[in-house]
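Please open the model in your viewer and keep the selection panel at hand.

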Amino acid sequence: MIIILAAITLQVTAAILALRQSGKKPAIGWLFIAIPLLLLGAIKTLDLVGIPTGIQPEVLTLFVGASMFVGLVFVSKIFKAYHQNLTLLKSIQDIDRVMLSSISYNGVINAIIDKLNQTINPDAVGIYTYDKHGHKLNVLKAYNLSEEFQKKVTGDGNEFIKSVIENRRTLIIDRFESDEDVGFLPLLKQEGYAGYVGTPIVSKGGAPIGAMALYLRKPKKYSKHDIDFIKTVSSQVGIALDREQFIDRIHEMNFESVYSLVQAIEMRDPYTRGHSLQVAKLASSIAEAIGFTGKDLELVKFAGLLHDVGKIAVPESILKKPSFLTNDEWKIIQLHPKQSVAIIDPIKGLRQIRDWVLYHHERWDGRGYPKNIKGDRIPIQSRILSVCDTYSAMTEDRPYRKRLSDQEARNEIRKVAGSQLDPTVSSIFLDLGVNGRNGNFINSFSKDTLLGDLDLDSTSNGNGNGKAFSQSVLSLLEKSKQ
Ligand SMILES: [Fe+2]
């Protein structure tokens, strides 16, 4: 009897040990090793001991039954652990897939929240990052967190997040003791949380840029696999943010290139300095009033910015001529819409605007150039540009005339509406009462347009109101206004 009890104890111990070990090695491996060992162990035990005389068959049945029960429990636990690990691994793969298919960090963050919910199921999640100066902690993503709590978490008194970020170490609190009231604990308790896991978010260069915090309403001890999963997910947030920063910089460089084209032409002719930006602003206001949104609105802005870029091919002697132009000189000037298109053409993200730019000197009555098309055969975007270009040109000095006042220019627009200009677009412009000379317009440019062929995730900037440009771009634009 002692030997039988010892054998059962031995098997139970072996099963527990194997189960604990399975956390370090693939569980399936243990499954295949443990089942034969367990069976062999049972057979060998009987073989060594033999069927002792005097032992009742019921006792032997109990022994075999206990062995089978232990084996069953062991196998089911191994299966459960294996399944959990597989789910975590698959979740990481799913997030990786989102990272490959989307260059927006928003898509990745949403996928991460989904996967956390499907696997380790926290009650709330907060993803926090420092601003670009590294001073203030902002909420990048909040799941199930109250507004008030978010403000407090990012406030000065949050030692938990600071400790996680500064020490670059994961902070795990399985349960809060009721008498503990140090640091951030009172606020967490007040919100009804009983457990907390905070992991740092680190950039590619190793700098801590934020933290991810999981909040639990009931005490829970996460397994080593769960904690590893949380850490992996946190590093995926870091990769997504790094990539976002990289894309932002590419976008800025694209915009700087586009804007340098505009600068190049406007520097040659001081009379038209700021003209393109003003046309872009006015065109944007009209397009928005008509109902343009998102990328459609964005492209109108770029068309306004680039409509006259082809003037770079017009000799300065013609551009700055202080008297009226000859017929031959007019013919050269009239080539500029085609030349603008030739310059824009290599920019894939702006191909849609080529016709709008090409036709920006067409007239409503068909007497414009280069194609003499009329009425609504002229793209609406070109008709918008035409109204804005006309107003802007009239309110600028020229070598051969002084500028008109805002009111005088509006009166002129009124006069030519229906002949030179689209009457409806003219009317919308006059009703808006804008002049395009105020406001931080450049901040309204979205990054989607110039990176359009990279298929940005729709969740990033779906409304077309993208991020502000960097300080370098803003200063570039400020300089152009002086
Ligand atoms: Fe033009």
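Buried here means under 20% relative accessible area, exposed over 50% and partly exposed in between, with a 1.4 Å probe and protein chains only. This is a predicted model, in which local features need pLDDT of at least 70 and side-chain atom pairs count only at pLDDT 80 or more, while totals for chains, interfaces and linings use all residues. Residues are numbered from 1 along each chain as its sequence is written, and side-chain values use heavy atoms, with hydrogens and water left out.

Select the iron ion first. Its protein donors (N, O and S atoms within 2.8 Å of the metal, or 3.2 Å for Na, K and Ca; water is not among the atoms, so sites may look incomplete) are D308 (OD), H336 (NE2), H360 (NE2) and H361 (NE2), at 2.1 to 2.3 Å. Along the chain these donors follow the spacing D-x27-H-x23-H-H.

Next, select helix α16, residues 406-416; helices (H or I, at least four residues) and strands (E, at least two) are DSSP runs numbered from the N terminus. A409, R410 and I413 are buried in this helix. Just after α16, G418 takes a positive phi of about 100°.

Finally, select F149 and Y215, both of which are buried.
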